[in-house]
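The entries follow in the order in which I looked.

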Amino acid sequence: MTMAQAQNNVIKMLVAFPPGGPVDFVARTIAEPLGKELNTQILIENKPGGNGAIAAEYMINAPADGKVLWFTSAGAVAINPGLYEKLPYNSLKDFAPVSLVVNNVEVLVVNPSNPANNGVEFVALSKQKELTMASSGTGSVPHLAMEQLADSTKGKLLHVPYKGAAPAITDVLGGHVDGFFGDIPGLISYIKSGKLKAIGIASNKRSPALPEVKTFVEMGVPGVDSNNWYAMFAKAGTSKAEIERINAAIKKVLAQEEIKNRLLQSGADLVGSTAEELATILKSDINKWTKLIKDKNIKPE
């Protein structure tokens, strides 16, 4: 094989976050087995920044041949269109949905010393006095989940944005803020070790990673549903045959026991989907989040 052929046989997978975070972890878990299924090598390139916009711009300038894929969480494609007046990309026109990979529902965590042992008790406290809620940034899924909870319950919740989930979690651990909605993979080790208390799931069904934690719907609090899914996209214009080939490979990887176990242990909920199903979810989430952002007049920092 010549050097040119070898280079031609590489797929770049862009990750819009720094190494070491939950999106990067899932990307690295599936990259090698996915490369084997596609008979190629997959190289991960981390392109953090701009809430995913930097990776998105790189995608727009890539050829539409399936050689550059974008692995992203819901924020960059489903929330940014409602949050930013001018985006350098159009989520529905510039990218071709390939497959959902995992769902990451948000879990509400509090310090173990917090008197609330479930979502209902937390809501009751928020009606007596204002509670502080950390987020990983304005317009992030944790922020929007908090807004959904405030809308549904009319409790007094004060938004405290941080630069990323890590400092937000640190301040909940330290007892400086009352609560935090976060992706289960980023919180599961703290929950299992008893350093944080999980009191409610922001989804219509319980998480396989935390089966004992009730959903807000079960507790009589509707409308708190914030799935920070991770999915694979290609450049718009990539052939249907190529998208179906990559989609089939992702399905096979997600069915492998070792991969399944690694992802489930991390707290992610494996889904997989057809390209059409991902397109439908993307459209409905853009509408859902844009409405909430406009209703609440949320502006990016």
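Which residues lie nearest the centre of the second largest pocket, and how many residues line that pocket? I find 15 lining residues, with Asn-103, Val-105, Ser-203, Asn-204 and Asn-227 nearest the centre. I note that this is a predicted model, in which local features need pLDDT of at least 70 and side-chain atom pairs pLDDT 80 or more, while totals for chains, interfaces and linings use all residues. Residues are numbered from 1 along each chain as its sequence is written, and side-chain values use heavy atoms, without hydrogens and water.

For my own record, a pocket is an open set of points on a 1 Å grid over the protein atoms alone, where a 1.4 Å probe fits and protein lies on both sides within 12 Å along at least five of seven lines; lining residues have an atom within 4 Å of a point.

The second largest pocket holds about 210 Å³ of space, and I sort its lining into 3 nonpolar, 7 polar (Gly among them by the convention used) and 5 charged residues.

The largest pocket holds about 1,100 Å³. Of its 46 lining residues, Phe-17, Ser-136, Ser-140, Gly-164 and Ala-165 are the closest to its centre. I see that α4 gives the largest share of this lining, 5 residues.

Conventions. Grid points are joined across faces, edges and corners, and a volume is the space filled by probe spheres set on the points. Helices (H or I, at least four residues) and strands (E, at least two) are DSSP runs, numbered from the N terminus.
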